[in-house]
Amino acid sequence: MFGYVTASWKELSKQEQERYGAVYCGICRRIRSQSGQGARLGLSYDMAFLALLLMSLYEPEETGGKDPCILHPVTKRGWVDNPYVRYAADMNVALAYYNCLDDWQDEHRTASRMMARMLQSKVPPVQERWPRQCQAIAQCIQRLNQLERENCPNPDEPAGAFGELMAQILTYQQDLWAPTLAQMGFALGRFIYLVDAAVDYDRDKRQKRYNPFLAMGMEKDWKRWEEYLVLAMGRCTENFERLPLVQDKGILDNILYSGVWLNYRRKAADSADDGRSL
């Protein structure tokens, strides 16, 4: 369900590409130190957006450098570290674990079961550090499973459940900015769920799996789906613009105003190609 909230790489300046990559590498390094080498397999660029958003809002002191790693043993890669990079690393581990459990329940993917088993022992320390967020993730997955079993015909129900999850994740702490971050996260979560449902429509139909648009008896309708998506992302960016962001604002703008749509259209095209190849 992730992989949409990422940048349009070609539209970033070279400096922005380096900064974006350094945040991603910083999260990767922190996953290794906080949760172990294997947990890095679930790393997602979506968490770089989370870190950049919180870094821009709270402007923490940073450390950084350039080093090789197991994936890039020859070329040194830039990295940064701060409390929000560490937070994004923890959220990545928790989300990867519950996402793998969900994939195993839905599709019985052996790889997902193996990944969930590997991450299982890594999650309790994350839960101790971030109980509110981890509880929200677990409750969201439970709610989504229930709605799927009921074949819920109202897309607002599952989209809202995922919106609550993202609202809690974007809310790092209860402070002046918490309400705006929560509203932004709720709208972003709705967008992610609905865009994933649209892209997976054909595959879910072939495999007779739950999809809210199928459950409501809706035929394939990209124009109508995009109306839902534009509304959700519009509410997300409305709250985004209320935040006093300066640092890395260009990268964040790229992700929300360009990257999410580029990823949506690319995945939609890939989905259509998969359907034609069967």
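The largest share of the lining of the second largest cavity, four residues, comes from α2. Helices here are DSSP runs of H or I with at least four residues, strands are runs of E with at least two, and both are numbered from the N terminus. A cavity is a set of points on a 1 Å grid over the protein atoms alone where a 1.4 Å probe fits but cannot get out, and lining residues have an atom within 4 Å of a point. The model is predicted: local features need pLDDT of at least 70, side-chain atom pairs count only at pLDDT 80 or more, and totals for chains, interfaces and linings use all residues. Residues are numbered from 1 along each chain as its sequence is written, and side-chain values use heavy atoms, without hydrogens and water.

The second largest cavity has a volume of about 50 Å³, a volume being the space filled by probe spheres set on grid points joined across faces, edges and corners. Its lining includes Phe2, Asp46, Met47 and Leu188. α2, α7 and α8 (178–199) each give two or more residues to this lining. By class, nine lining residues are nonpolar, none is polar and one is charged. Ala, Val, Leu, Ile, Met, Phe, Trp, Tyr, Cys and Pro count as nonpolar, Asp, Glu, Lys and Arg as charged, and the others, Gly among them, as polar.

The structure holds two cavities of 30 Å³ or more. The largest cavity contains about 80 Å³ of space. Eleven residues line the largest cavity, and Phe2, Leu95, Asn99, Ile141 and Phe162 are the closest to its centre. α3 (83–107) gives the most to this lining, with four residues. The lining of the largest cavity has nine nonpolar, one polar and one charged residues.

Helix α2 (residues 46–58) also packs against α1, at an angle of about 105° and with the axes 9 Å apart. Axes are lines fitted to C-alpha atoms over the stretch in contact, and angles run from 0 to 180 degrees between N-to-C directions. α1 is therefore roughly perpendicular to α2, a term for angles of 65 to 115 degrees. Arg19, Tyr20, Val23 and Ile27 in α1 meet Met47, Ala48, Ala51, Leu52 and Met55 in α2; contact means heavy atoms within 4.5 Å.

α1 (14–35) is also among the elements that supply at least two residues to the lining of the second largest pocket. A pocket is an open set of points with protein on both sides within 12 Å along at least five of seven lines. The second largest pocket has a volume of about 690 Å³.

How values were computed. Parallel < 35°, antiparallel > 145°, perpendicular 65-115°, else oblique.
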